[in-house]
Amino acid sequence: MTAWLRTGDPFAVQATDLTLAYQQRPVLWDVDLEVPQGVLMAIVGPNGAGKTTLLRTALGLLRPAAGEVRIFGRPYAEQRRLVAYVPQRGSVDWDFPTTALDIVTMGTYGGLGWVKRPGAAERSRATAALAQVGMQAYADRQISQLSGGQQQRVFLARALVQDAQIYLMDEPFQGVDATTERAIVDLLRALRADGKTVVAVHHDLQTVAEYFDQVTLLNVRRIAAGPVEKVFTEENLRLTYGGRVAGIGGRGNGTPLDMSP
Amino acid sequence: MTSAQVDVLLVAVVVAAACAIPGTFLVLRRMAMMSDAISHTVLLGIVLAFFIVADLNSPILILGAALVGLLTVVLVEALSRTGLVREDTAIGLVFPALFSIAVILISSLAGNVHLDSDAVLLGEIAFAPFNRFAPFGVDLGPIALWVMGAILLLNLAGTALFFKELKLATFDPALAAALGFSPALIHYGLMAVVSVTAVGAFDAVGSILVVALMIGPPAAAYLLTDRLPRMLGLSVVIGAASAVGGYWLARLLDANIAGSMATAVGIAFILVLLLAPQRGLVATARRHRHQRWTFARQMLLIHLATHEGTPSEADESRPDHMQRHMRWPPDFSDRVIQTATDHGLIVLKNNQLHLTPQGRTEARAAAVR
């Protein structure tokens, strides 16, 4: 069962010295990312900090100019079955002619390989995943008829059905309603309880401390990374965002955070 | 019908079906204009291959066409990747360049060969029955029917085998890549299929009709269903029906068959655009009108419910008050009151509107929403 976990590999995801540039402009500069197994890690940083790029590089979708990414100690290509991906909701065309259940079933394609078609077993796994995010009633809905939060939950169900060890999520909380936010938080905790690892790009600084155990502060370079209570300090946030960041809820044994608006 | 007419119709239907299948994916991938480019630039592949094999019936021509089709895609993508030219502009640059090279080559070097640019644009399906496939002297029907039949089978088999990969790479290329289904491979595979289909089809029907048959039927089918397999099926049916309809239109008008078929595709699309049950313009307009009336009625009911039992009720519930309060034109106001009365939601007593119990229930339901 644990063949994927090489003994002595402390990190589920480990990126070393990642550097990546778009037309001479560095997007990631010598970034290290170390995600221990079984944690919920937020990647936080301003727009253009390279958060999505970091995720996409970890997934092997982008080739870094330097550095490498290892999943449980091995290259991504050997470990893709262990990694599930939740892209930004806006990255796909929701007018695509298909149902919520069919989108979730796409999560089983990796296990099927080329040509083989999803059957009853795959569909029942997809149905179960939809139920897990509270969307079983919407299985046959055309995906454009779903609200933003429901679409996000469909994407989460698709990742669940991949039955991975590591979940890489790009802004799962963006633009969702309170119900969905609750559902996602519950899901993240359930995943952690199962020993899974989650890395999520996150924008809402107010909820970082509440939702996540670990945080990586990123602005092209890695500013800081580690347990939220150690790393998520006003000092580090100022370094990340440049200038004063007001009104951020957080804890830390560094400088106490300024909670005034 | 003569057997030549049957042959023409058969070729047309097979071409339409073969084009609709890759066309569906082009439409979903927002690459419709790529079919326009490919269906013209394949001519360069045919010309170059013809110079090599010197035989207009050689299958090498199809291979050459497919390669130049892929070259078109590669060049367009290379141009747009520079970030200096947008993709639609890149198509507009690459396609005339390759096509005009082909036209120059034909006009200067192959003047005495049966390869002319008019036939490329419009084709001449009427000649299809005269070019027979007759191995060992046994007549097996028009060559075009065999060629297009083979391409249709290829398209059907390819779509059946790789349906899940095509769907995934079209909907979410990033996930396809993360799961190990190379979206680039699927993309170029699809483009090769488009090229082969275009070259097979345009000998019979010309490149204009190829574009019409690849884009029109899927665009219409997209408005009729929200399931991909049904969209594929409907595209084939709409394409085939347009081909048959266009043939009879051509006979009626004594006009070019390919041009009439392309016209028929356009007419079919416009009919669907107007009359599609859910998304058609007529249905949408009707829905909006219905919503306007429903909304006006709900406003009236909520207004009456708000003032029910208050001192101002006498003033607020006069029919003529509604025009001022809601800024409704008089005749609109009268009709709203009339329909609400007809539905048993309000009654008029002493020049005052009163909610019926049913009207009160509906007002409450509307207000909650």
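## A walk through chains A and B

Start by selecting A:D163, which is exposed, with a relative accessible area of 54%. Keep in mind along the way that this is a predicted model. Is A:K196 buried or exposed? At 11% relative accessibility, A:K196 counts as buried.

Next, select A:R192 and A:D213. This salt bridge has its closest N and O atoms 2.2 Å apart. A:R192 sits in helix 7 of chain A, while A:D213 is in the loop between helix 8 (208-211) and strand 9 (214-219), so the bridge ties together parts that are 21 residues apart in sequence. A:R192 is partly exposed at 29% relative accessible area, and A:D213 is partly exposed at 23%.

For a charged group in chain A, pick A:E234, A:E235 and A:R238, which are linked in a network of salt bridges. Over all chains, the structure holds 15 salt bridges.

Two backbone stops come next. Most residues other than glycine have a negative phi. Select A:D17 in strand 1 (residues 11-22) of chain A; its phi is positive, near 50 degrees. Then go to A:V115, in the loop between helix 4 (109-112) and helix 5 (120-132) of chain A, where phi is near 70 degrees. A:D17 is partly exposed at 41% relative accessible area, and A:V115 is partly exposed at 34%.

Now move to chain B and show helix 6 (residues 143-161) with helix 9 (residues 183-224). Their axes are 10 Å apart and the helices pack at an angle of about 160 degrees, so helix 6 and helix 9 of chain B are roughly antiparallel. Their crossing is left-handed.

Which residues form a nonpolar patch on the surface? Select B:I267, B:I270, B:L271, B:L274, B:L275, B:L281 and B:V282, which together have about 610 Å² of accessible area. Helix 11 (257-275) and helix 12 (281-307) of chain B each give two or more residues to this patch, and helix 11 gives the largest share, five residues. B:L271, in helix 11, is partly exposed at 46% relative accessible area.

Finish at B:D315 and B:R318, whose side chains meet in a salt bridge (3.1 Å, N to O). B:D315 is partly exposed at 48%, as is B:R318 at 23%.

Methods
Residues numbered from 1 in each chain as written. Chains lettered and ligands numbered in written order. Predicted model: local features only at pLDDT ≥ 70, side-chain atom pairs only at ≥ 80, totals over all residues. Heavy atoms only, no water. Patch = residues over 30% accessible without salt bridge, like charges linked within 9 Å, V, L, I, M, F, W, Y side chains within 5 Å. Areas by Shrake-Rupley, 256 points an atom, 1.4 Å probe, with all protein chains shown as cover. Salt bridge = Lys/Arg side-chain N within 4 Å of Asp/Glu carboxyl O. Helix = DSSP H or I, 4+ residues; strand = E, 2+ residues; numbered from the N terminus. Buried < 20%, exposed > 50% of the residue type's maximum accessible area, 1.4 Å probe, protein only. Axes fitted to C-alpha atoms, helices over the stretch in contact; angles between N-to-C directions. Parallel < 35°, antiparallel > 145°, perpendicular 65-115°, else oblique. Left-handed = near helix turned anticlockwise from the far one by under 90°.
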